[in-house]
Amino acid sequence: MPKLFAYTDGACSGNPGPGGWGVLMFAKDGDTILKSRDLSGGAAETTNNKMELTAAIMALETLERPSEITIVTDSSYVKDGITTWIHGWKKNGWKTAAKKPVKNEELWKRLDAATTRHTVTWEWIKGHAGHVENERADELAREGMEPFKP
């Protein structure tokens, strides 16, 4: 049975500023990649965290049917947010432990909704550490940002 992976990344030139997101998706059977797909996009005025979240959202929303997928991110903000913090935010009416509104609430809600269709395993890896797939996701994020740079 093939396993599905998505390596996601976000980039921003200035924070806020023009930004991009990238996703390297592939189906793998053992060590053999059966199918792969690159996704990218961007925005003129955004933040790095918004682009990191958007990459994960797009990876999940692109899937046409409920799937089992491993999402690999170099953003502890995304991984910790979706696996740990979100439960408290939802319980507290989308407020942080400090009773402040959750930043990027709409994107967190969209990511939360996107995860309900799938069985998602979240993994964190160190960014810019020579992981080939993560480096490709970073390239895609930078490509997605290009049209929005002045």
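## The buried face of helix H4

Asn 134, Ala 137, Asp 138, Leu 140, Ala 141, Gly 144 and Met 145 are the buried residues of H4, where buried means under 20% relative accessible area with a 1.4 Å probe and protein chains only. Looking down the axis of H4, these buried residues fall within an arc of 160°, so they line one face of the helix; the arc is that of the directions from the helix axis to the C-beta atoms. An α-helix has 3.6 residues a turn, so residues three or four places apart point the same way.

This is a predicted model, in which local features need pLDDT of at least 70 and side-chain atom pairs count only at pLDDT 80 or more, while totals for chains, interfaces and linings use all residues. Residues are numbered from 1 along each chain as its sequence is written, and side-chain values use heavy atoms, with hydrogens and water left out.

H4 covers residues 132–145, and its 14 residues reach 20 Å from first C-alpha to last, close to the 20 Å expected at 1.5 Å a residue (the expected span is 1.5 Å times one less than the number of residues). Helices (H or I, at least four residues) and strands (E, at least two) are DSSP runs numbered from the N terminus. Among what covers the buried residues of H4 are S1, S2 and S3.

## Met 25 in strand S2

Met 25 sits in strand S2 and, at 5% relative accessibility, counts as buried. Setting aside neighbours within four places in sequence, the contacts of Met 25 (heavy atoms within 4.5 Å) include Phe 5, Lys 35, Leu 39, Leu 63 and Ile 69.

## Val 102 in a loop

Now to the loop between helix H2 (76–91) and helix H3 (105–115), which holds Val 102. With 6% relative accessibility, Val 102 also counts as buried. Beyond neighbours within four places in sequence, Val 102 is in contact with Trp 89, Trp 94, Lys 95, Thr 96 and Trp 108. Trp 89 lies 13 residues from Val 102 in sequence and 7.3 Å away in space, C-alpha to C-alpha.

## Strands around the pocket

Strand S1 (3–12), strand S2 (17–29), strand S3 (32–46) and strand S4 (68–73) each supply at least two residues of the lining of the largest pocket. S3 gives the most, with four residues.

Methods:
Buried < 20%, exposed > 50% of the residue type's maximum accessible area, 1.4 Å probe, protein only.
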